[in-house]
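Dear colleague,

I am handing over the structure we talked about, and it is placed just below.

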Amino acid sequence: MFFLHNTHSTHRKMRNKALSKLVIAVIIAVIIVAGVSMYLLLGNQNNSPSSVKIDVSKISASLVLGGSTFINPQMQAWIQQFSSIYPNIAVTYQSVGSGAGVNNFIKGTYDIGATDVPMPTDLWRYATTVKGSVITIPDIVGGVAIIFNLPNFNSSKNGNLNLTADVLAGIYSGEIIYWDDSLIQSINPGFHFPHEKIVAVHRSDGSGTTFVFTLWLFKSSDIWVNSNIGYGYTVNWPVDKLGGLAGEGNGGVTAYVKQTSFSIGYVEVQYSIANNLQTAAIKNPAGNYVLPTPQSVSLSLQSIDISKFPNATQDWSNITALLLNSPNPSSYPIVTFSYLVVQKNFNDQIKAIAIYVFLEFIFTTGQKQQNIINGYLPLPGNVQSFVLNELKLISFNNQQIYQLL
Amino acid sequence: MNKTTAIPIFIGSFFLCLLLFLIIFSIAFASLPALETIGFNILYMYMPAIYGSIVVSIIAIFIAIPLAVGLSIFIIEYLPDRIRSIFININDLMASFPTIIYGYWGLYELGPFLNTKLFNFLHNYLGFLPFFSTKPSTASYLLASIVLAIMISPFASSLIREVYSKIPNILDESIYALGLGKWHVIKIKLSYIRKALFGAITLAYGRGLGETVAVDLTIGSSFNISYSLLAPGITIPALIANQFGSAFSELELSSLFSLALILFVIGSLFILIGKFVFVRNGKR
């Protein structure tokens with residue numbers, strides 16, 4: 001009994017010793033974690049204003065951009081080139097779709113949002129209340145290509161696949177179900193279509209590409225207007241009832257079309273080039289069937305009247321339609337700018353400078369032909385000058401950044 | 001259990017339950033705007049996603065559980081000692097594999113393979129059944145179910161195997177002593193761990209219900225209800241993942257939260273039904 005009592009109390013003493021060691025270790029760990037996190041959170045801010053000229057190469061910052069999958073290949077190329085010039089400014093781009101890009105820009109997750117259409121008016125007004133003045137600027141020119149997967153169809157043998165806005169509206173509203181529909185067969189006499197269902201591939205996420213495509217359909221086809229589907233970052237797709245598929249991002253649509261026989265989809269031209277997919281020739285307002293080539297896309301730009309452009313801080317939502325359905329007889333009808341949205345005034349000077357420098361790069365070096373990826377076109381010269389001028393609006397505490405550089 | 005170990009355990013479990021309750025409560029709270037504005041119409045609005053979630057998870061479970069039970073029994077009963085530990089490691093590794101890889105593998109490798117080898121056959125010969133009445137699509141309910149089953153069976157198998165291996169040898173020996181064979185031993189041992197089996201099924205089912213990326217890729221995100229398993233469809237997590245990024249208004253966000261709430265309710269309902277059907281308290 002005496003023996004038992006002894007072991008019980010020494011056991012308890014040992015346990016108390018171990019317990020106190022554990023408590024001390026935990027306290028030390030908490031202090032270390034708290035100290036490190038405080039250093040990381042607070043250590044990198046630099047808000048001191050300065051009135052001398054700033055040496056940009058000494059600045060280190062990190063920028064997060066996100067949005068349009070439409071421009072992703074081009075944006076990645078720009079970021080790579082930019083990083084070699086300014087290695088201390090780390091830029092990342094998240095290709096999540098224009099809808100998420102704009103949404104995250106408003107929420108503050110992204111410093112710059114990328115969207116293939118300017119924000120619709122209501123959204124733009126809301127963004128302005130949250131972030132102050134918002135600058136909307138076009139950064140590149142692209143086209144929406146119609147890709148398809150028709151086994152045994154070869155453009156060198158059968159000619160181009162000709163499609164019109166009415167046919168595409170019929171396909172995507174579920175009215176045209178089979179490839180050998182008379183509307184398709186009659187404009188493509190060089191190919192005998194099989195009696196197969198068309199698998200229409202569209203987007204599952206909020207997409208600027210969808211916005212441009214559906215807006216074009218809305219403006220070009222009564223079938224689309226009467227279907228009441230409308231246009232937007234997302235729409236209801238009645239074609240889902242017929243086995244339509246929804247891909248995530250331009251890449252997702254491309255993947256589905258590549259893998260699914262008898263499918264059709266809409267993507268930025270670059271994705272069709274990179275994946276060796278045939279594109280359809282679309283009927284333009286002049287009545288010609290045109291493939292999306294650099295020439296046909298650039299001809300759409302000739303009809304731009306830059307005097308119609310609003311100031312960068314105003315509502316740009318009417319501009320998308322300007323590039324669609326150009327009257328030039330050899331132009332491609334589904335052409336669009338892609339846009340960047342950024343707030344005008346910052347309270348973090350380093351961030352403001354980094355953003356200005358990055359944007360200035362895009363609109364000078366980035367627009368040079370050798371830096372443009374296959375499938376995109378640089379902005380016309382007058383638009384470039386217009387944007388560079390609007391960039392001067394970017395300011396820190398209402399002091400314009402460009403004056404400091 | 002004495003006081004010094006009981007108190008931390010009690011505090012830990014209390015906080016865990018509190019956390020669970022807080023999560024459910026915050027989802028419910030975030031769904032209120034949508035539920036107030038749209039009300040029960042929300043079930044009708046999102047029926048394709050609800051239908052898809054139920055169909056895919058049920059089929060996946062029916063495929064995964066026999067596979068998982070079979071694998072566990074094989075590992076414990078039939079493998080020699082040295083090879084057994086290799087298989088156990090592989091099993092656990094597969095259970096922790098990133099699910100997005102399963103998704104892309106399912107879409108690019110398994111999908112075309114199944115389409116040519118199995119789905120076309122099902123459609124051509126059994127096409128009169130509503131389940132196989134459409135031409136096999138690149139992404140379909142059935143493909144998503146199969147990929148999901150492949151994903152959750154290692155997980156279920158790890159759980160079942162661990163419990164199965166702990167059954168005392170006395171049971172084996174007494175059944176052999178009665179003159180019965182190995183098959184009877186396995187059957188009796190399985191019924192011995194019936195409750196743990198149900199637990200593993202529940203966990204695997206929960207994981208299957210919530211799986212987002214792999215199902216999103218292999219089901220096609222087609223907002224439609226189809227009786228054909230070879231047609232594309234959509235599930236609730238896939239729908240939430242697709243729309244969350246571009247949910248601009250409070251109402252849109254709130255609708256997605258109410259979808260999450262619906263998924264939680266569906267999951268709980270099925271588990272309760274399962275419990276009622278498969279696990280009976282008291283002696284059999």
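Which residue of chain B forms a salt bridge with Glu196(A), and how far apart are the closest N and O atoms? The partner is Lys135(B), and the closest N and O atoms of the pair are 3.6 Å apart. Please keep in mind throughout that this is a predicted model.

**Between the chains**

Lys135(B) lies in the loop between α5 and α6 (141-165) of chain B, while Glu196(A) lies in the loop between α7 (182-187) and β6 (199-203) of chain A, so the pair joins two chains. Lys135(B) is partly exposed, with a relative accessible area of 48%, and Glu196(A) is likewise partly exposed, at 22%.

As for the interface itself, 22 residues of chain B are in contact with 23 residues of chain A. The area buried between the two chains is about 1,700 Å², and carbon and sulfur atoms give 48% of that area. Of the area that chain B buries against chain A, Thr138(B), Asn242(B) and Phe248(B) supply 31%, which is more than any other three residues.

Polar contacts also cross this interface, where the rule finds 11 residue pairs, with both residues at pLDDT 80 or more. On the side of chain B that touches chain A, at least two residues come from each of α5 (99-126), α10 (213-219) and α11 (236-244) of chain B, and the largest share, three residues, comes from α5(B). By class, the residues on this side of chain B divide into 10 nonpolar, 10 polar and two charged.

**Within chain B**

Glu77(B) meets two lysines in salt bridges: Lys182(B), at 4.0 Å from N to O, and Lys189(B), at 3.0 Å from N to O. Salt bridges that share partners join Glu77(B), Asp172(B), Lys182(B) and Lys189(B) into one network.

**Domains of chain A**

Chain A is divided into domain 1 (2-41), domain 2 (58-140 + 338-404) and domain 3 (144-301). The centres of domain 2 and domain 3 of chain A, taken over C-alpha atoms, are separated by 30 Å, and the contact takes 22 residues from domain 2 and 21 residues from domain 3.

These two domains of chain A bury about 1,500 Å² between them, of which carbon and sulfur atoms give 66%. The count of salt bridges between domain 2 and domain 3 of chain A is zero, although nine residue pairs are in polar contact, both residues being at pLDDT 80 or more. On the side of domain 2 that touches domain 3, α2 (72-85), α3 (98-107) and β13 (376-377) of chain A each supply at least two residues, and α3(A) gives the most, with four residues. That side of domain 2 of chain A has 13 nonpolar, eight polar and one charged residues.

With best wishes

Methods. Residues numbered from 1 in each chain as written. Chains lettered and ligands numbered in written order. Predicted model: local features only at pLDDT ≥ 70, side-chain atom pairs only at ≥ 80, totals over all residues. Heavy atoms only, no water. Contact = heavy atoms within 4.5 Å. Buried area = accessible area lost by both parts, 1.4 Å probe. Salt bridge = Lys/Arg side-chain N within 4 Å of Asp/Glu carboxyl O. Polar contact = N/O pair within 3.5 Å; in protein donor to acceptor, adjacent residues only side chain to side chain. Nonpolar A, V, L, I, M, F, W, Y, C, P; charged D, E, K, R; others polar. Buried < 20%, exposed > 50% of the residue type's maximum accessible area, 1.4 Å probe, protein only. Domains from an automatic or database assignment.
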